[in-house]
Amino acid sequence: MRIIKTKTYEEMSAIAAGIIGGQVLLKPNCVLGLATGSSPIGAYKDLVKSYEDGILDFSEVRTVNLDEYCGLDDTNPNSYRYFMNDHLFDHVNIDKANTHVPNGHADDLEEEAVRYESFIQSLGGIDLQLLGIGHNGHIGFNEPTDNFPATVHTVQLTESTINANSRLFERREDVPTQAITMGIGTIMKAKKILLIAGPDKAEIVEKACFGKVTPEVPASVLQLHPDVTVILSAEK
Ligand SMILES: N[C@@H]1[C@@H](O)[C@H](O)[C@@H](COP(=O)(O)O)O[C@@H]1O
């Protein structure tokens, strides 16, 4: 595991965008696993800039997102599909048909979970998975529990996650209580993993990187992955 500490959010974002951009340059038709949240916004901005500067070409890139809220449709500004379009996909030459987010408003969420998992594997797996981390150590929406879920599944969000995410909603009661997420197994199958986090996550990042490997701190499983880079910024 490589751990990089940066002074600023901008520096963290630039390094993360460099790693993601490097992956695109190395393998133009790579499969990128993408994340939402405040942490990756700067990196997405830098990727858009590299595209505008003619450095990056996304025309063959495929993407699979980590997770999605249940019950929000794609036009809802709080849905992760909307977030991805808004922060990245609408601003680069990616083919929207090559961008994938689990369908949180599917009629049958169990069926959707099975479909999304096998779809990811049918792409040949994920070349580089970008992650943020929750205050309770969740990755994707894998909340602390007593096992590491293997595949895409639906979850009941914890109070702590609902509280943290309510900052982005008008009212706390608007925050969905369920989500669909890649499993820990899905994430661990990625060839490379890049986790980025701000200073409010310093404590949980330390626990995840140096503490006991336990599903009570889902991100601690990353200690068992052969190619993980963690970037932690000292400033928001
Ligand atoms: N499901 C997402 C996670 O994938 C993300 O890592 C986390 C941290 O977000 P932020 O970067 O905003 O702290 O938020 C949400 O819960």
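This is a predicted model: local features need pLDDT of at least 70, side-chain atom pairs count only at pLDDT 80 or more; totals for chains, interfaces and linings use all residues.
Colleague: Where is the place of Asp67?
Modeller: Asp67 is in strand β4, residues 67-69.
Colleague: And which residues is Asp67 in contact with, leaving aside neighbours within four places in sequence?
Modeller: Among them are Tyr80, Pro102, Gly140 and Phe141. Ala179, Ile180, Thr181 and Met182 are contacts of Asp67 too.
Colleague: What does UniProt list for "active site"?
Modeller: The unreviewed UniProt entry lists Asp67, Asn136, His138 and Glu143.
Colleague: OK, His138 then. Where is it?
Modeller: His138 is in the loop between β6 (128-131) and β7 (153-156). His138 is buried, because 26 other C-beta atoms lie within 10 Å. Not counting residues up to four places away in sequence, His138 touches Glu143, Pro144, Thr161 and Pro218.
Colleague: Now the ligand. How many residues surround it?
Modeller: 14 residues do. The closest are Gly37, Ser38, Ser39, Gly132 and Phe141. The shell divides into 4 nonpolar, 9 polar and 1 charged.
Colleague: New topic. In what order do the strands form the open sheet?
Modeller: The 7 strands run β1-β10-β9-β6-β2-β3-β5, with parallel pairing.
Colleague: Which are the edge strands?
Modeller: β1 (2-6) and β5 (99-100), since each pairs on one side only. β1 pairs with β10 (residues 228-233) over 5 bridges. There, Ile3 stands opposite Val230 in β10.
Colleague: Which strands does helix α7 touch?
Modeller: Helix α7, residues 202-210, packs on the sheet and touches β1, β9 and β10. The direction of α7 makes about 160 degrees with that of β10.

Conventions:
Residues are numbered from 1 along each chain as its sequence is written. A residue is near a molecule or strand if its C-beta atom, placed from the backbone, lies within 6 Å of it. Ala, Val, Leu, Ile, Met, Phe, Trp, Tyr, Cys and Pro count as nonpolar, Asp, Glu, Lys and Arg as charged, and the others, Gly among them, as polar. UniProt positions are given in the numbering used here, feature names are shortened, and annotations may be inferred rather than shown by experiment. Helices (H or I, at least four residues) and strands (E, at least two) are DSSP runs, numbered from the N terminus. Two residues are in contact if their C-beta atoms, placed from the backbone, lie within 7 Å. A residue is buried if 20 or more other C-beta atoms lie within 10 Å of its own, exposed if 12 or fewer, and partly exposed in between; C-beta atoms are placed from the backbone. Two strands pair if DSSP finds at least two bridges between them. Axes are lines fitted to C-alpha atoms, for helices over the stretch in contact, and angles run from 0 to 180 degrees between N-to-C directions.
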